[in-house]
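Thanks for coming. I have one structure to go through today, and I will take it piece by piece. Please look at the display while I talk.

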Amino acid sequence: MPMTVANQKQNLTIRLDRETIRKAKILAAKQSTSISALVAEQVDKLIGEDDAYEQAMKRSLALMKQGFHMGGVHNWDRDSLHDRAALRER
């Protein structure tokens, strides 16, 4: 299968302290993989989580914009809600 531009791999250089690299090598060996694969997996996971969050945010905002009918009916108007004389009579 030929590689397209979208799925071509590209190198990335990162700087980590020696102890982190040592522990990453151990972890990669335990999982029979490479440090590069560990990092790539975690970055992919973060991107997926961010994409899911963005989609959830868009759905939530669309629902809020649409509004909800919570049942019930009110027959208020501004004048009756702010009728000071009626409030004083109580």
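Start with Glu-19 and Arg-22, whose side chains meet in a salt bridge, at 2.6 Å from N to O. This is a predicted model, so please keep that in mind throughout. In general, side chains of opposite charge can pair when their charged atoms come close. Where do Glu-19 and Arg-22 lie? Both are in helix 1, 3 residues apart, and that is about one turn of the helix. How exposed are they? Glu-19 is partly exposed, with a relative accessible area of 37%, and Arg-22 is partly exposed too, at 41%. The count of salt bridges comes to 1.

Which residues form the nonpolar patch? They are Leu-12, Ile-14, Leu-16, Ile-21, Val-39, Val-43 and Ile-47, and together they have about 580 Å² of accessible area. Helix 2 gives the most to this patch, with 3 residues. Another member, Ile-14, lies in the segment before helix 1.

Take Asp-50 as the example. Its place is in helix 2, which covers residues 35–66. Asp-50 has a relative accessible area of 43%, so it is described as partly exposed.

Now a point about the backbone. Most residues other than glycine have a negative phi. Ser-32 is not a glycine, yet its phi is positive, at about 55°. Where is Ser-32 placed? It sits in the loop between helix 1 and helix 2. Is Ser-32 buried or exposed? It is exposed, with a relative accessible area of 69%.

The chain has a mean pLDDT of 89, and 93% of its residues reach 70 or more. Where in the chain is confidence highest, and where is it lowest? The highest is in helix 1, residues 18–30, at a mean of 98. The lowest is in helix 4, residues 84–89, where the mean is 70. As a rule, where pLDDT is low, the predicted coordinates should not be read in detail.

Technical notes. Residues are numbered from 1 along each chain as its sequence is written. This is a predicted model: local features need pLDDT of at least 70, side-chain atom pairs count only at pLDDT 80 or more; totals for chains, interfaces and linings use all residues. Side-chain values use heavy atoms; hydrogens and water are left out. Helices (H or I, at least four residues) and strands (E, at least two) are DSSP runs, numbered from the N terminus. Buried means under 20% relative accessible area, exposed over 50%, partly exposed in between (1.4 Å probe, protein chains only). pLDDT is the predictor's confidence in each residue, from 0 to 100. A salt bridge is a side-chain nitrogen of Lys or Arg within 4 Å of a carboxyl oxygen of Asp or Glu. Patches are made of residues with over 30% relative accessible area and no salt bridge: like charges are joined within 9 Å, nonpolar side chains (Val, Leu, Ile, Met, Phe, Trp, Tyr) within 5 Å. Accessible areas come from the Shrake-Rupley method with a 1.4 Å probe; for residues, only the protein chains shown count as cover.
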